[in-house]
Amino acid sequence: MAYSEKVIDHYKNPRNVGSLPKDDPSVGTGLVGAPECGDVMKLQMKINPETDVIEDAKFKTFGCGSAIASSSLATEWVKGKKVDEALKIKNTEIVKELNLPPVKIHCSVLAEDAIKAAIADYKRKQGAGAKLQAQPASAD
Amino acid sequence: MPKGAARNGIGEKERILERDDDMALKLPIYMDNHATTPVDPRVLETMLPYFTQSFGNAASRNHSFGWEAEKAAENAREQIAHLIGATAKEIIFTSGATESDNLAIKGVAEMYREKGNHIITMAIEHKAVLDTCKRLEKYGYLVTYLPVSREGLIDLDELRAALTDKTILITIMYANNEIGVLQPIEEIGRLAKEKGVLFHTDATQAVGKIPFDVQKFNVDLASLSAHKMYGPKGVAALYVRRRNPRVQLSAIIDGGGHERGMRSGTLNVPGIVGFGKACELAEKEMPQEMARLRGLRDRLKEGLFARLDEVYINGSMEHRLPHNLNASFAYVEGESLLMGINDVAVSSGSACTSATLEPSYVLKALGVGEDLAHTSIRFGLGRFNTEAEVDYVVDRVVETVVRLRELSPLYEMAKEGVDLKQMQWKAD
Ligand SMILES: Cc1ncc(COP(=O)(O)O)c(C=O)c1O
Ligand code: FES
């Protein structure tokens, strides 16, 4: 299968690889997919509770090149956005930006899910108050 | 074009020396020789006159063009038969091992319908066998799919126990195309003979690579294919035993009655000539080639193991083709690994590389977890690979696995001591 140049670029130079402290109440962690399915994405965001702005984002992905590119792109896109705006990112926009073929659409769906899961985790932590130990998103 | 074998008429020793001297690496590197092999230049050279000069129809009885073509095809039949310990009359030409498998299984099923309707095969056969058996099930045949062990081997006691008085055929491959594991073919042949049941083996990956002898193994039918052994694509054979017992087959392609009525159609003479030459070369060079490829394969394996942890071999190392390596690189999805080593042609058992979204059914049958199946890579070494290529491949794989593990949330979690098996994953 031939990959688009953008996929190759993200694969070769992934943006924002890494991890944020998952117990930090201002960090939301989204962990989606499953090893049995061949794809697991971890997307984390550091959000300013005062402004709702996503100040930092990091990812790690186990999956094909398109999955890596989708999550790398997702971190680029959410950074600097407000939480509400980030929630509006659709997988179809990722498909379009990366020129993903139909068999790779689910990789983009996973990236959208990861954004939503990370924000949900952040909101849960904020709602529960900082006293609660953050749960990894996977354990709920 | 791979160097080394490029000129005909050079002695074996000089040829190898020339190959070793040739240290300049040509990219991309082909290491997917289970999928197909390049045509050996010596094979191509033998084929060429049969396209334009000696182009006759081997079935034309009235002129020299026909006689010449027939003679060439018969010569090739001898060469092929000789390689597998058969006689020329026992070789039926087909278009591919897929057709050979179909002809063997459907041909026996129809011909021996009165005798019984039970066929025994195994879980890790090539689809050409499995899907043929599945179709027969629709027509009322009963098929037993023997499981395999973690090593990829059938259990002979289970085979024995599966036999009934309605069993007409055992079809079990010799060498598997993904993991290279070799079934205990001699014991299977002996058992089949003892029970009076026909034995077909898909020997496509083994013939020309390791010794295979229809007499020694008591094989009644065997599929082989030219393009897996440095011959051309689209030409193959089915060995059909003529004596002790004489195997009869119903044809699946009807027509002019070629190939003793078992397979009609004008013979692909240039292809057949190439197939014959490929068999002759394989027979002559097999001992050296096996040893050389085993050395390269072991170098590949050791190179990877020395520099990476959590690499798992799929299937038995002991009962295995000398030129195969199939390994899982934990925490690194196969397709992304292939993308990182894009100047090396290998293949992966990951679902992401297949259209079906299912990882390799072969690895699944071995009990390899789907998580590890997604991280598997098959290396198939061949005649034209060099030591320098192996070293390059090791470097590229190691470098890419290390990089992708840094990118892998699973690797991070495993290093933190999280038990990935106990996690509850939110799959979409
Ligand atoms: C074990 C086995 N059987 C059958 C086949 C089909 O061979 P062909 O491509 O000649 O139809 C292959 C090759 O893909 C194979 O590896
Ligand atoms: S992760 Fe499997 S196709 Fe993308």
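Contact here means heavy atoms within 4.5 Å. By that rule, 34 residues of chain A meet 30 residues of chain B. The model is a predicted one.

**The A–B interface**

The two chains bury about 2800 Å² between them. Carbon and sulfur atoms account for 60% of that area. On the chain A side, A:Tyr11, A:Glu36 and A:Phe62 supply 24% of the area buried against chain B, more than any other three residues.

Polar links cross the interface too. There are 14 residue pairs in polar contact, both partners at pLDDT 80 or more. Three salt bridges are found. One of them joins A:Lys104 to B:Glu335, with the closest N and O atoms 2.8 Å apart.

The elements of chain A listed below each give two or more residues to the side that touches chain B.

| Element of chain A | Residues |
|---|---|
| helix H1 | 5–12 |
| strand S1 | 27–34 |
| strand S2 | 39–47 |
| strand S3 | 54–62 |
| helix H2 | 65–78 |
| helix H5 | 105–128 |

By residue type, this side of chain A divides into 18 nonpolar, eight polar and eight charged.

**A sheet in chain B**

Four strands of chain B form an open, antiparallel sheet in the order S9-S10-S13-S12. Strand S9 (311–313) and strand S12 (347–348) of chain B each have a single partner strand, so one side of each lacks a neighbour in the sheet. Two bridges join S12(B) to strand S13 (residues 376–380) of chain B. In this pairing, B:Ser347 stands opposite B:Arg378.

Helix H9 (residues 269–307) of chain B packs on the sheet. H9 touches S9, S10 (324–329) and S13 of chain B. The direction of H9 makes about 15° with that of S10(B).

Notes: Residues numbered from 1 in each chain as written. Chains lettered and ligands numbered in written order. Predicted model: local features only at pLDDT ≥ 70, side-chain atom pairs only at ≥ 80, totals over all residues. Heavy atoms only, no water. Buried area = accessible area lost by both parts, 1.4 Å probe. Salt bridge = Lys/Arg side-chain N within 4 Å of Asp/Glu carboxyl O. Polar contact = N/O pair within 3.5 Å; in protein donor to acceptor, adjacent residues only side chain to side chain. Nonpolar A, V, L, I, M, F, W, Y, C, P; charged D, E, K, R; others polar. Pairing = 2+ DSSP bridges. Axes fitted to C-alpha atoms, helices over the stretch in contact; angles between N-to-C directions.
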